[in-house]
Amino acid sequence: MNWTGLESLVSGVNKYSTAFGRIWLSMVFVFRVLVFVVAAQKVWGDESRDFECNTRQPGCTNICYDHIFPISHIRLWALQLIFVTCPSLMVMAHVKYREGKDMKYVKLHPGSHLYANPGKKRGGLWWTYLLSLVFKAGFDSSFLYILHRIYHGYDLPRLSKCSLDPCPNTVDCFISRPTEKKIFMLFMVVSSALCIFMCICEMVYLIGKRIAKLLRIRRDNEKFLFAEQHELTEMAPRRSQDRRTDPTLTDSLSLNKEKIRKGGKSTAL
């Protein structure tokens, strides 16, 4: 499989990722893909050829090998790496959709943009990014559980016993280089666990940042409303005081009273 093409494709998500996402991507391609391609494939390349059982019964060795290794570690890890890296393509697809939508908007409304930055994690893109993290952590956890369930732990025994047909009796089977394979298996398990931890850290970071932003907006709105109410309460007594001390109003009232008195005298006369 051409892992270089997958790396170049998924690396495009780096510019939309947080610091945790960049660390996760580096761990995947340095500690998992590189080790898988350079070393692990060579270590497990002889698992079927050098698997031996102390019997010459035709078909017994093949049946015992299938029983001890229901699925090859190499193929299981290859599927795991594919499933784990694919959710990052969701983010890229969403960004490309935003860019295309923004281009159409610019054609209809020259000089303006629908998105100031299509790659900024806001609105639907924030939820897409968070969902991709959930998928990454979920796929890694699922494959770790499958590996533990199939092989009854993360250990490779030096000696395995098999009594399946067509074996004439219980035979002893031996795995080639079990210690070396165990070391690589533990390395892949630990690196997967670290990637899960980085995904959880990034999810906590994104959710915490979002909550802090909402609380800050709410606090600013409360301050703005409080300032408006305080200004209104200060303006009300000033207006009443202005009305009581306005000299023009008192002068006009006194003039009106004098006119009324004079008018009354003239009518009396």
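Reply: What follows is a walk through the sheet, strand by strand, and then a look at the helices.

The model is a predicted one, and in it three strands form an open sheet in the order S1-S3-S2, with antiparallel pairing. Strand S1 (52-53) and S2 stand at the edges, and each has a single partner strand, so one side of each is left without a neighbour in the sheet. Helix H3, residues 60-68, packs on this sheet and touches S1, S2 and S3, while the direction of H3 makes about 65 degrees with that of S3.

Within the sheet, S2 and strand S3 (residues 171-174) are joined in the antiparallel sense over 4 bridges, and in this pairing Cys162 stands opposite Val171 in S3. In a regular strand the side chains alternate between the two faces of the sheet. In strand S2 (residues 159-162), Ser160 and Cys162 lie on the covered face, whereas Leu159 and Lys161 lie on the uncovered one.

Turning to another pair of helices, the axes of H4 (residues 73-85) and H6 (residues 124-151) come within 9 Å and cross at roughly 165 degrees; the two are therefore roughly antiparallel to each other, and their crossing is right-handed. Among the residues that meet here are Leu76, Trp77 and Phe83 in H4 and Phe139, Phe143 and Ile146 in H6. By class, the contact of H4 with H6 has 10 nonpolar, 2 polar and 2 charged residues.

Definitions and conventions. Residues numbered from 1 in each chain as written. Predicted model: local features only at pLDDT ≥ 70, side-chain atom pairs only at ≥ 80, totals over all residues. Heavy atoms only, no water. Buried < 20%, exposed > 50% of the residue type's maximum accessible area, 1.4 Å probe, protein only. Pairing = 2+ DSSP bridges. Contact = heavy atoms within 4.5 Å. Axes fitted to C-alpha atoms, helices over the stretch in contact; angles between N-to-C directions. Parallel < 35°, antiparallel > 145°, perpendicular 65-115°, else oblique. Left-handed = near helix turned anticlockwise from the far one by under 90°. Nonpolar A, V, L, I, M, F, W, Y, C, P; charged D, E, K, R; others polar.
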